[in-house]
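Thank you all for coming.

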Amino acid sequence: MSATSIRTVIASLAGLVLLCGANAIAGPHTQDRVTASFSEGTGPLANPERGFYRAGPSDLQRLDSAFLEAAYKQGYRLIYARIDLEPYRTRPLPADYLNKLETGFAAARRAGVKLIVRAVYNYPRGETEYRDAKDAALPLVLRHLAQLKPVLHANSDVIAFVQAGFVGAWGEWHTSSNGLTEPAARTAIKDALLEAAPADRFVQFRYPPYIRDWLPRLPVEGLRIGFHNDCFLASQTDVGTFSEDAKVRADEQDYIDRLGDLSPFGGETCNPADDPGAAPRTQCADILREGARYGLTYLNADYYRRQFHDAWRANGCYDEVAARMGYRLRLLDIVHDRRVAPGGDLRLTLTIRNEGWARPSNPRGVTLLLRDRGGAVRRLPVAGVDLRQLLSGATPALPLAVTLPRDLKSGAYDLLIAFPDASPKLRSDPRYAIRPANADDPAGAQGWEAALGAFRIGTIVQVSN
């Protein structure tokens, strides 16, 4: 099935669900409705689980709070955090080391960021170290994953993505010193990774042939495997990421194109000199075309800047790249009931567009906020809505409904909408809420309220019996 076909099938199914939902909630309230439309915002937004990321200057167990806080203030919401297993290539992980990992996750939570985590047995610096890189024997890899599982699950709220790691130099699934790239070994590690990672998080692997061996057909129900490319745009093969054979390479790239509609794609650029005769794709047209094609969700902000990031800045597309990585959700209009009784259903239709290159990767719902004249706020989560359905380019009319509390006092309430984090640990933290790509409009009483992590619609709901 082609990439276009996958997009069409998914969009059609989503549209059918939305249509059925819209028909289900249509009723007598349609003659007493309020409508609001919204202005488009411009420029990048600092939103969770997407965009340019910073690599932590130290391993996860020593993640520096000052660095994390500075990164947050600079607009970064993703941090790459390496789990350093080099001291444990021949022995199990001690309890005190696992406790130190907990400390690193807690630092990320305090700073308001999420992590891209990768466990590695080595971190070569230079060609000699690269050739001599050592990993661990398969039984110990599997034991380490079993030991890490409770820590990863306990901290799933601040894990955005898991990169596979463990195998070979830099955990990039090549040059294993223990035969871990052999089919049976890599499949065993893949299965253990999916078991150890939080159940609602993707695990990203480095090489298209390995992924295609496991998932020969797409789409796949319950997909949790994604792809990361650590030499994106660097050469014809992305420095060994894709095949040297042109036809095979085209097939691999088409597969990754289709996979990117379903699962997150991210990584970094790299030095083209690593591939003799490389023809790097450094122009704005390259990143805009391939970012959209593969569904680019995140990219290293610092490596390899000289030939890529600096060129995008010089040619005027850097801000567009920053804005369109991952999801970019823009409110178009909303229609809702004008009057609702306490204990009654408030019904709405929200039209929203995803102008980003990818859909949200992790669970993400919708919450409505009602604020009374005294400033008191009631938060009302909407059941049955997950923003992961918003594929790139999708513009659905989402039917939403909430039941008002019976003790809600009569009066006029401002209506706000929020897209909070799904985790109970972060749901009330506005730093982890998605800000829609809409401009503030004081004249229309519309705008982003950072303290609530919600967008003020500019309309009133009258609550009365």
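Predicted model: local features only at pLDDT ≥ 70, side-chain atom pairs only at ≥ 80, totals over all residues.

Cys284 has a relative accessibility of 12% and so counts as buried, where buried means under 20% relative accessible area, exposed over 50% and partly exposed in between, with a 1.4 Å probe and protein chains only. Its partner is Cys317, and the two form a disulfide with their sulfur atoms 2.1 Å apart, a disulfide being a pair of cysteine sulfur atoms within 2.5 Å. Cys284 lies in helix 9 and Cys317 in the loop between helix 10 and helix 11, so this pair ties together parts that are 33 residues apart in sequence; helices (H or I, at least four residues) and strands (E, at least two) are DSSP runs, numbered from the N terminus. Cys317 is buried too, with a relative accessible area of 3%.

Residues are numbered from 1 along each chain as its sequence is written, and side-chain values use heavy atoms, with hydrogens and water left out.

Across the whole structure a search finds two disulfides, and the other joins Cys231 to Cys270, with an S to S distance of 2.1 Å. Which hand does each take? The torsion about the S-S bond of Cys231 and Cys270 is about 110 degrees, so that disulfide is right-handed, whereas the link of Cys284 and Cys317, with -90 degrees, is left-handed. Cys231 and Cys270 are both buried, and with the bonded cysteines numbered in sequence order the pairing is 1-2, 3-4.

Turning to charged pairs, there are 36 salt bridges, if we take a salt bridge as a side-chain nitrogen of Lys or Arg within 4 Å of a carboxyl oxygen of Asp or Glu. One of them joins Asp302 and Arg54, at 2.7 Å from N to O. Asp302 sits in the loop between strand 9 and helix 10 and Arg54 in strand 2, so the bridge ties together parts that are 248 residues apart in sequence. Asp302 is partly exposed, at 35% relative accessibility. In another bridge, Arg371 meets Glu449, also described by an N to O distance of 2.7 Å; here Arg371 is buried at 15%, and Glu449 is buried at 16%.

I will finish with helix 5, where the buried residues include Leu140, Val141, His144 and Leu145, and where the elements covering the buried residues include helix 3, strand 5 and helix 6. A kink of about 35 degrees lies at Leu148, shortly before Pro150, the bend at a residue being the angle between axes fitted to the seven residues ending there and the seven starting there.

Conventions:
Contact = heavy atoms within 4.5 Å.
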